[in-house]
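I opened my notebook to look at a sheet and some ring pairs. Here is what I looked up, entry by entry.

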Amino acid sequence: RKVWGVEPEAIAAVQARRRVRAGSLGGLARKVLSGLPGLRRRGTGSFYYPRQGYGQITEALHRAAEAAGARFVLGATVQAVEHDGGVVRRVRYERDGASHVVEADHVWSTLPISTLVARLRPAPAPDLLAAASRLEFRAMILVYLVLEQDRFTEYDAHYFPEPEIPIARLSEPKNYSGVGPRGVTVLCAELPCGTGDACWRMSDDDLGRLVLCSMERAGIPARAPVKEVVARRLPTVYPIYRSGYEEAFDRVDRYLDGLDRLVTFGRQGLFAHDNTHHALAMAYAAADCLRPDGAFDRDRWHGFRRAFETHVVED
């Protein structure tokens with residue numbers, strides 16, 4: 001209920017298959033036992049992080065793409081993806097109050113799949129728009145607390161399954177990277193919600209107070225002064241797999257797959273519970289499907305899509 005915002009019985013069983021690698025009670029027991037001291041093999045349960053933090057991954061990709069000739073237009077809002085005769089032709093976007101048009105040989109989209117459908121021009125039939133609207137995403141507010149202390153705890157993250165504590169996870173990025181300024185640390189609290197919830201409209205300061213109260217209730221209060229509070233609101237973070245969502249997704253997916261020169265992929269683009277390495281694998285796969293003559297190998301892409309369905313979140 002806390003993470004997805006719906007009653008457990010309303011969630012499709014595929015949710016568990018995408019989130020839990022162990023496929024049986026025996027497999028789950030082995031996974032738990034393998035993490036116990038004395039039974040854990042070297043490297044089990046270990047994750048590796050860039051020395052300068054997670055953002056190094058994106059920054060390195062950005063630099064490499066620019067060096068290869070890619071052009072980035074940041075701070076833009078897609079207004080329309082235009083198609084004609086079953087072929088995508090161009091993208092219209094707004095930036096700094098001005099409208100722009102990109103004539104496209106291919107459009108590869110990581111927009112939320114429901115947003116992509118809503119931006120198509122001409123618009124699809126009403127029943128398809130209705131199907132796309134049933135593909136819901138859970139929102140998230142990231143609340144950053146800047147504390148005037150060198151380190152809050154030795155742990156990289158704390159999890160809060162209790163319903164009376166609104167935040168779901170509290171992480172300390174400094175413990176992931178091992179670097180940062182002395183005497184200051186940052187905590188990132190994750191608050192799952194809907195865009196219509198009251199917390200979505202709260203000020204940054206009020207969200208900071210909510211997080212501090214949550215920490216107090218959990219028994220890990222912040223004892224150092226809070227230097228600053230910054231919140232980031234993300235409207236489409238996790239796909240919500242309500243029972244019966246597959247029918248709506250399949251209809252939308254077939255329609256988009258029928259538009260030539262259009263590819264949708266990524267967590268939001270394929271309505272998938274995926275990690276970063278899964279999203280990167282999708283991007284590499286799409287690139288592999290682009291033939292030397294500029295055509296896109298749709299049959300090969302379908303093969304990759306079947307492989308994507310086996311992805312399971314790594315926690």
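Predicted model: local features only at pLDDT ≥ 70, side-chain atom pairs only at ≥ 80, totals over all residues.

Are Phe 137 and Phe 271 buried or exposed? I found that both are buried (under 20% relative accessible area, with exposed over 50% and partly exposed in between, using a 1.4 Å probe and protein chains only).

Residues are numbered from 1 along each chain as its sequence is written, and side-chain values use heavy atoms, leaving out hydrogens and water.

Next, I looked up the sheet. I saw an open sheet of 4 strands in the order E3-E2-E1-E5, with mixed pairing (strands are DSSP runs of E, at least two residues, and helices are runs of H or I, at least four, numbered from the N terminus; two strands pair if DSSP finds at least two bridges between them). Strands E3 (98-103) and E5 (120-121) are at the edges with a single partner strand each, so one side of each has no neighbour in the sheet. E2 (residues 87-95) and E3 run antiparallel, joined by 6 bridges. I also noted that Tyr 93 has His 100 in E3 as its bridge partner.

Then came the rings. I counted 11 aromatic pairs (Phe, Tyr and Trp rings, the six-membered one for Trp, with centres within 6.5 Å; planes under 30 degrees apart are stacked, over 60 edge-to-face, the rest tilted). Trp 108 and Phe 296 are edge-to-face, because their planes stand at 70 degrees, with centres 5.9 Å apart. Trp 108 lies in strand E4 (residues 107-109), 188 residues apart from Phe 296.
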